[in-house]
Amino acid sequence: MALSDLNPVERNEEGIAAVLGILKQQLGERFQTGQAIRSQHAHTTTYIPTQAPDGVAFPETTAEVQEIVRACAAHRVPVIAFGVGSSLEGHTNAPGGGISVDTSRMNRILSVNPQDLDCTVEPGVTREDLNRHLRDTGLFFPIDPGANASLGGMAATRASGTNAVRYGTMRENVLSLTAVMADGQTVTTGKRAKKSSAGYDLTRLLVGSEGTLGIITSLTLKLQGIPQAISGGVCPFPSVEAACNAVIATIQMGIPVARIELVNGLQMRAMKNYSKLDYPESPCLFVEFHGSDASVAEQAETFGMIAEENGGGPFLWTSVAEERTKLWKARHDAYWSSLTLRPGAKGLSTDVCVPISRFAECVTETEADIAEMGLIAPIVGHAGDGNFHVLVLMDVNDPNEIALSEKFVARLNLRAIAMDGTCTGEHGIGQGKIGFLRRELGHGVDIMRTIKQALDPQNIMNPGKILPDMG
């Protein structure tokens, strides 16, 4: 994707110069303008070119975030929130320059309420940090996108991951939040009650807004009890279609599967080489069940029968924690293992989500596209909710390869939308998928634009993302 193809954002040189001086005075060494640190705060885990901010601020309190935003608002300078930089669609880029607000020092766990199964954290707390803190309480936070992302960033991009089929996404697991809005004021979107009918749902408005409406400064999250027993394993299948049909049957039978992940044959080859797994190079399902000792054994046996009916198996499962950890570590390392399939290449990571009844069809047609176009592009999927990812490996210095890869992604996005699905199940729109939002939501984009203009009339909150023609 060339920079010229991205949503343009006009630079305000005079305003940027003024804000750089103000923030240096306010934050001292916690405001940096060196080229290396600026580039780090715009790096993307995909091929979208880096567009660095002009400065990086490291606030430690909500009040300091307010000061940063007020300075930027006074001089019409962009503000881009930054968690750990693991997003995949150019969310942290600064197309019009401006200030990156790094929340890593806002990393306190403010409260844990075991009886209510909730906690309140600052945005820089990562999911692994939180679960380490919770370990002795018998609780855990289940949303697991693979990367050790910050919880503020996970909320901003409406992340999900491998556990979503049982525990939902960030949308279902954020009870309320506080955020600094474009005018520098702080809004609290709700209380700790498990449900509310009080007014507009501001929590859901900000969850998934990708920093374009405000900067999240704290979150109240739902927690879950650590299961008494966990079983899981890997099951090979003769084809992607057979594996997908087994997923559909599992979900339709109401088996409370916690994770059910699709790995196609090419991805399995990469994982075998990278993570030293001893499984055939064929499509496989990684499956996990949570519950009591008896229930997880029953669920595993039932799934094994479903797999056999669809030509799969044998399903080798275990309740030994160390063995399960190795399997899921391999699954979470899928991105890095994929890069070994074409050393030196960079990955264009994309995702779509379709109704579960269309999942097999969508994945099968996508594999046909990959073969037709001669691409190296392994597939992994959160199969239980119809979401899958493709990592297209390409030479980013070859315009022809970039064009072919973008053609593939466009075809994939349009196929998913045509199947009554979405062009992104969990990556978000960012810069990379702006061109498909109107195809998916039509007039809904105009409603989003109206909300954006009302809450951020100067368009300083992460401009150039989500909405087309709002540079």
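Strand 13 (257-263), strand 14 (284-291), helix 12 (321-332), helix 13 (334-339) and strand 17 (379-382) are among the elements that cover the buried residues of helix 10. The model is predicted.

**Helix 10 and its cover**

- Helix 10 spans residues 265-275, and its buried residues are G265, Q267, M268, A270, M271 and S275.
- An α-helix has 3.6 residues a turn, so residues three or four places apart point the same way.
- The cover over the buried residues of helix 10 includes both strands and helices, with strand 13 and helix 12 among them.
- K276 follows helix 10 and has a positive phi, near 60°.

**Helix 14 against helix 15**

- Two packed helices are described by the angle between their axes and the distance between the axes.
- For helix 14 (residues 359-373) and helix 15 (residues 399-418), the axes come within 11 Å and cross at roughly 160°.
- Helix 14 is therefore roughly antiparallel to helix 15, an angle over 145 degrees being the cut-off for that term.
- The crossing of helix 14 with helix 15 is right-handed.
- On the helix 14 side, the contact is made by C362, E365, T366, D369, I370, E372 and M373.
- On the helix 15 side, the partners are L404, K407, F408, R411, L412 and R415.
- Sorted by class, this contact between helix 14 and helix 15 has six nonpolar, one polar and six charged residues.

**Cysteines**

- How many disulfides does the structure hold? The count is zero.
- C362, which belongs to the helix 14 side of the contact with helix 15, is buried at 0% relative accessibility.
- The closest cysteine sulfur to that of C362 is in C244, at 9.4 Å, which is too far for a bond, because a disulfide needs the sulfur atoms within 2.5 Å.
- C72 is also buried, and its relative accessible area is 0%.

**F82**

- F82 is placed in strand 3 (residues 79-82).
- Is F82 buried or exposed? At a relative accessibility of 6%, F82 counts as buried, because the cut-off for that class is under 20%.
- With its neighbours within four places in sequence left aside, F82 is in contact with Q40, H41, T92, S100, V101, D102 and T103.
- F82 and C284 are 202 residues apart along the chain, and their C-alpha atoms are separated by 35 Å.

**Backbone features**

- G313 and P314 are joined by a cis peptide bond, with omega about 0°.
- P314 sits in the loop between helix 11 (293-309) and strand 15 (316-318).
- Which segment holds N459? N459 is found in the segment after helix 17 (444-455).
- N459 is a residue other than glycine with a positive phi, near 55°.
- The relative accessibility of N459 is 14%, so N459 counts as buried.
- I466 lies in the segment after helix 17 as well.
- The phi of I466 is positive, near 65°, and this residue too is other than glycine.
- I466 is buried, with a relative accessible area of 11%.

Methods. Residues are numbered from 1 along each chain as its sequence is written. This is a predicted model: local features need pLDDT of at least 70, side-chain atom pairs count only at pLDDT 80 or more; totals for chains, interfaces and linings use all residues. Side-chain values use heavy atoms; hydrogens and water are left out. Axes are lines fitted to C-alpha atoms, for helices over the stretch in contact, and angles run from 0 to 180 degrees between N-to-C directions. Helices (H or I, at least four residues) and strands (E, at least two) are DSSP runs, numbered from the N terminus. Angles under 35 degrees count as roughly parallel, over 145 as roughly antiparallel, 65 to 115 as roughly perpendicular and the rest as oblique. A crossing is left-handed if the near helix is turned anticlockwise from the far one by less than a right angle, and right-handed if clockwise. Contact means heavy atoms within 4.5 Å. Ala, Val, Leu, Ile, Met, Phe, Trp, Tyr, Cys and Pro count as nonpolar, Asp, Glu, Lys and Arg as charged, and the others, Gly among them, as polar. Buried means under 20% relative accessible area, exposed over 50%, partly exposed in between (1.4 Å probe, protein chains only).
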